[in-house]
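Me: I am new to this structure and would like to know what stands behind the words used for it. Please take my questions one at a time.

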Amino acid sequence: MERMDTISLGDVEITRVTEVRGMSLPRDAVFPDVDAGHWREHQHWLAPEYFDPAADEVRASVQTWVLRSEGRTILVDTGIGNGRERPYMPVFAHLDTDFLGELATAGVRPEDVDVVVCTHLHGDHVGWNTHLVDREWQPTFPNAEYVVARADFEYWNPENQIRTRSGRRMQNVFEDSVAPVHRAGQTVLWEGDHHDVDAHLRIEPAPGHTPGSSVLHLRSGTERAVFVGDLLHSPLQIAEPDCSPCFDEDEARASTERRRILGWTADHNALLFPAHFPGPGAAQVRRDGGRFAVKEWATWR
Ligand SMILES: [Zn+2]
């Protein structure tokens with residue numbers, strides 16, 4: 001059966017390719033600093049899709065957004081990848097998914113990809129940047145440029161020996177998923193206040209989750225969308241924007257950016273595309289006093 005997961009916004013077509021569906025993670029491990037009362041207060045609309053109250057688990061997906069714009073194919077984040085050694089992040093270790101098959105079902109062969117946008121360099125966003133060829137990690141997308149914020153490239157490069165909050169959870173990620181692409185001359189390291197992918201797509205900084213975390217703005221005709229990576233991990237954070245997961249390197253800065261970008265999407269009727277929402281995966285939000293609420297979930301054809 002053919003399953004289409006596509007939305008067209010102006011001249012840009014968005015297709016969802018899911019690497020991992022319905023991952024369950026212990027709530028208190030992912031959100032150790034968030035009062036359990038917030039989850040109880042919102043469970044009537046978070047359960048069962050985004051929160052399992054009985055198991056006390058947060059539900060998440062890992063997905064790549066495939067954009068077709070101006071005749072080119074752009075991937076936003078590349079998931080966890082197969083066959084990884086992640087001794088301190090076992091949920092990401094030794095996967096064997098058919099991600100490239102899913103990508104092919106969406107009509108994309110590796111050689112067709114023109115641009116890979118990495119919203120940040122965590123292990124669940126850069127995995128399919130590379131794959132194993134003769135036991136060596138090589139770029140999966142031979143013709144693509146991989147767009148990475150220089151701030152993240154420097155922060156996560158082990159050569160710089162920066163003490164990060166993620167610590168050992170990031171072990172091997174830079175080495176197997178970022179460095180091989182850089183060695184192949186395929187990275188574009190950007191800095192400053194924006195990087196334009198094309199006339200419709202602009203990357204802007206949104207630091208906090210990581211120092212180089214960024215969002216991709218889509219503008220085409222009157223349509224607006226923002227691909228926000230890990231600005232949010234759960235829809236709870238739409239209603240409670242100050243709730244941060246343990247993965248935010250700088251929680252205060254992440255909250256500030258979360259509020260700023262949620263405000264922008266609400267004020268511009270933009271579709272919000274986080275990396276990890278299961279279910280409809282994307283939403284329009286509205287302001288709700290000092291907080292936000294889901295106005296409408298995305299519908300796919
Ligand atoms: Zn993530």
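Reply: The model is predicted. A place to begin is Ala 298, which counts as buried at 11% relative accessibility.

Me: Why is Ala 298 called buried?

Reply: Buried means under 20% relative accessible area. Ala 298 has 11%, so the word applies. This residue is found in the segment after strand E17, which covers 291–297.

Me: What makes Ile 7 a contact of Ala 298?

Reply: Contact means heavy atoms within 4.5 Å. Ile 7 is among the residues that meet this for Ala 298, with neighbours within four places in sequence left aside; the others are Leu 271, Pro 280, Ala 282 and Ala 283. The C-alpha atoms of Ala 298 and Ile 7 are separated by 8.6 Å, and the two residues are 291 apart along the chain.

Me: Why is Lys 295 called partly exposed?

Reply: Exposed needs over 50% and buried needs under 20%, with partly exposed in between. Lys 295 has 42%, so it falls in the middle class. Lys 295 lies in strand E17.

Me: What makes the pair Lys 295 and Asn 269 a polar contact?

Reply: The limit for such a pair of N or O atoms is 3.5 Å. The side chains of Lys 295 and Asn 269 make their polar contact at 2.6 Å. Beyond four places in sequence, Lys 295 also touches Gln 284, Val 285 and Arg 286.

Me: How do you know whether Thr 210 is buried or exposed?

Reply: Its relative accessible area is 1%, and buried means under 20%, so Thr 210 is buried. Thr 210 lies in the loop between strand E12 (201–205) and strand E13 (214–220).

Me: Which side chains make polar contacts with the side chain of Thr 210?

Reply: One is that of Asp 152, at 2.9 Å. Another is that of Ser 213, at 2.8 Å. Both values are within the 3.5 Å limit. Leaving aside neighbours within four places in sequence, Thr 210 is in contact with residues including His 120, His 122, Trp 156 and Glu 249.

Me: Why are the buried residues of helix H2 said to be on the same side?

Reply: The buried residues of H2, which covers residues 36–46, are Trp 39, His 42 and Leu 46. They cover an arc of only 95 degrees around the axis, and therefore lie on the same side of H2. In an α-helix there are 3.6 residues a turn, so residues three or four places apart point the same way. The face of H2 turned away from the buried side carries Arg 40 and His 44, which are exposed.

Me: What do the buried residues of H2 pack against?

Reply: They pack against H1, strand E3 (51–52), E4, helix H6 (236–239) and E17. At the start of H2, a side-chain oxygen of Asp 35 comes to within 2.6 Å of the backbone nitrogen of Gly 37.

Me: How many residues of each class are in the lining of the largest pocket?

Reply: The lining has 16 nonpolar, six polar and three charged residues. The pocket has a volume of about 390 Å³. Of its 25 lining residues, the closest to the centre are Leu 25, Met 89, Phe 92, Asp 124 and Phe 247.

Me: What makes E4 stand out in that lining?

Reply: E4 gives the most to the lining, with four residues. Strand E2 (12–26), helix H1 (27–30) and strand E4 (57–69) each supply at least two.

Notes: Residues are numbered from 1 along each chain as its sequence is written. This is a predicted model: local features need pLDDT of at least 70, side-chain atom pairs count only at pLDDT 80 or more; totals for chains, interfaces and linings use all residues. Side-chain values use heavy atoms; hydrogens and water are left out. Buried means under 20% relative accessible area, exposed over 50%, partly exposed in between (1.4 Å probe, protein chains only). A polar contact is a pair of N or O atoms within 3.5 Å; within protein, one must be able to donate a hydrogen and the other to accept it, and residues adjacent in sequence count only if both atoms are side-chain atoms. On a 1 Å grid over the protein atoms alone, a cavity is a set of points where a 1.4 Å probe fits but cannot get out, and a pocket is an open set with protein on both sides within 12 Å along at least five of seven lines; lining residues have an atom within 4 Å of a point. Grid points are joined across faces, edges and corners, and a volume is the space filled by probe spheres set on the points. Ala, Val, Leu, Ile, Met, Phe, Trp, Tyr, Cys and Pro count as nonpolar, Asp, Glu, Lys and Arg as charged, and the others, Gly among them, as polar. The arc is that of the directions from the helix axis to the C-beta atoms.
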